[in-house]
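User: Hey, I'm new to this one. Can you walk me through it?

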Amino acid sequence: MSATFTLNLFRSGIRYGSWGSFQLPGLLNFGEFKCADGDKKCHLWTAVDLAFFIIMGLIGGLLGALFNCLNRRLSKYRMRNVHPKAKFVRIWVLLARPAFVARP
């Protein structure tokens, strides 16, 4: 939410010159999708499109469930098998790594 707010603040100021007008909703704007007034055969989406998005949602849900399952198993394994001192050393290694990588 704060990223959207900040991006909108800067985009409205840069594009329209009025800071804080928030005339650009969201991060991306693909325009308005609508059919021509007299076109009766115009369809903005079809059943094939709907089926594609349903399948994409199912795959995303299954991948999310798989991630949660693997994360739970990994957490249980680490609670049972990783020694507390090893956890302390791991934390210090993770903290020290960016310091050595960012060093000029």
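Predicted model: local features only at pLDDT ≥ 70, side-chain atom pairs only at ≥ 80, totals over all residues.

User: What's the average pLDDT of the protein?
Analyst: The average is 82, and 85% of the residues score at least 70. pLDDT is the predictor's confidence in each residue, from 0 to 100.

User: Which element has the lowest mean pLDDT, and which the highest?
Analyst: Helix α1 (residues 2–16) is lowest at 75, while α2 is highest at 94. Helices here are DSSP runs of H or I, at least four residues, numbered from the N terminus.

User: Switching topic: how many disulfides are there?
Analyst: There is 1, counting cysteine sulfur atoms within 2.5 Å as a pair. C35 and C42 make the link, with sulfurs 1.9 Å apart. The link of C35 and C42 is left-handed, at -75° about the S-S bond.

User: Why does C35 count as partly exposed?
Analyst: Because its relative accessibility is 24%, and partly exposed sits between buried (under 20%) and exposed (over 50%), using a 1.4 Å probe and protein chains only. C42 is partly exposed too, at 26%.

User: And L58, where does that lie?
Analyst: L58 lies in helix α2 (residues 47–81). L58 is exposed, with a relative accessible area of 54%.

Definitions and conventions. Residues numbered from 1 in each chain as written. Heavy atoms only, no water. Helix = DSSP H or I, 4+ residues; strand = E, 2+ residues; numbered from the N terminus.
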